[in-house]
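Student: Could we go through this structure together, one question at a time?
Tutor: Gladly! Have a look at it here, and then ask away.

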Amino acid sequence: MSLKQVEQRRSFGGQQNKYTHYSEVLKCDMTFSIFLPSNKEQKEIPLLWFLSGLTCTDDNFSQKSGFQSLAEKHQVAVIIPDTSPRGEDVADDDAFDLGQGAGFYVNATEQPWATHYQMYSYITEELHAIATDLVPNFSGKESIMGHSMGGYGALMIGMKNADRFQSISAFSPISSPVDVPWGIKAFTTYLGEDQSTWKEWDTAELVKQSGIPPILITQGTADNFYPEQLNEKPFLENAKQYDQPVEYNKVEGYDHSYFFISSFLAEHFDFHMEKLV
């Protein structure tokens, strides 16, 4: 195991840690952050995942959201992966919405992307094993949330692994990827032109399946990417048709930033903790 701790910071009584490791799945060095609550009472600790959006790293959520006070209050560990494989040998693109920083949490099938861009397997298998080893007294319970591209990732990963995650939430997610420019571009590039192969990654399709965890979505009305990139209608129409446990809230005047995320983060933590305790 090449796991190396590169940062350790005290925050609200818990520890905000950063690690690097060589990923056998992604074939490159990766970085992630994890918050471990104080757990003074030595109770079992659940794990909450946060998946970040386009151009972000693990630092955005850990440094801008203030989530640590909530994680310590609820005594939950929080892991924040990076958004893509990275490195000189990793395929990239000049556009901000493709390549490094924009992995979309799928397993790419098209070259040159397929060599490294296996983010779904990385998160659900390799990083999952690392994370659960790092959480003392891990309870075995997990939930997942994310923002924008990471909101898509949380919905997709959560629904594809409905037996593992207790709940799913998202801020401003790409909830209907095959109907918006960001999703179409990413799927065409990473998965190929055959749109029949997109279905297993399309959250508007996945929401039709039975047994999905409860979902909470919050979307700001002043978001400059809404509704063009964040069209919720196909996802919500399917959720309603199949009577799925989805709560979708629009909030007036909020944009796409971490000011928005931090404003509603307590609600999302409360939502998850009802299912994790």
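Student: How many aromatic pairs does a search of the whole structure find?
Tutor: Rings of Phe, Tyr and Trp (its six-membered ring) pair if their centres lie within 6.5 Å. This is a predicted model, where local features need pLDDT of at least 70, side-chain atom pairs count only at pLDDT 80 or more, and totals for chains, interfaces and linings use all residues. Residues are numbered from 1 along each chain as its sequence is written, and side-chain values use heavy atoms, leaving out hydrogens and water. With that in mind, the number of aromatic pairs found in the whole structure is 17.

Student: What kind of pair do Tyr120 and Trp201 form?
Tutor: Planes under 30 degrees apart count as stacked, over 60 as edge-to-face and the rest as tilted. The ring centres of Tyr120 and Trp201 are 5.3 Å apart, with 80° between the planes, and the pair is edge-to-face.

Student: Where in the chain are these two residues, and how many residues apart?
Tutor: Helices (H or I, at least four residues) and strands (E, at least two) are DSSP runs, numbered from the N terminus. Tyr120 belongs to helix α3 (residues 119–134), while Trp201 is in the loop between α5 (181–191) and α6 (203–206). The pair links distant parts of the chain, with a separation of 81 residues.

Student: Is Trp201 buried or exposed?
Tutor: Buried means under 20% relative accessible area, exposed over 50%, and partly exposed in between (1.4 Å probe, protein chains only). Trp201 has 5% relative accessibility, so Trp201 counts as buried.

Student: Which ring does the charged end of Lys160 sit over at 4.7 Å from the centre?
Tutor: A charge sits over a ring if NZ of Lys or CZ of Arg is within 6 Å of the ring centre and within 35 degrees of the ring normal. Lys160 lies over the face of Tyr120, 5.4 Å from the ring centre. The ring at 4.7 Å is that of Trp201.
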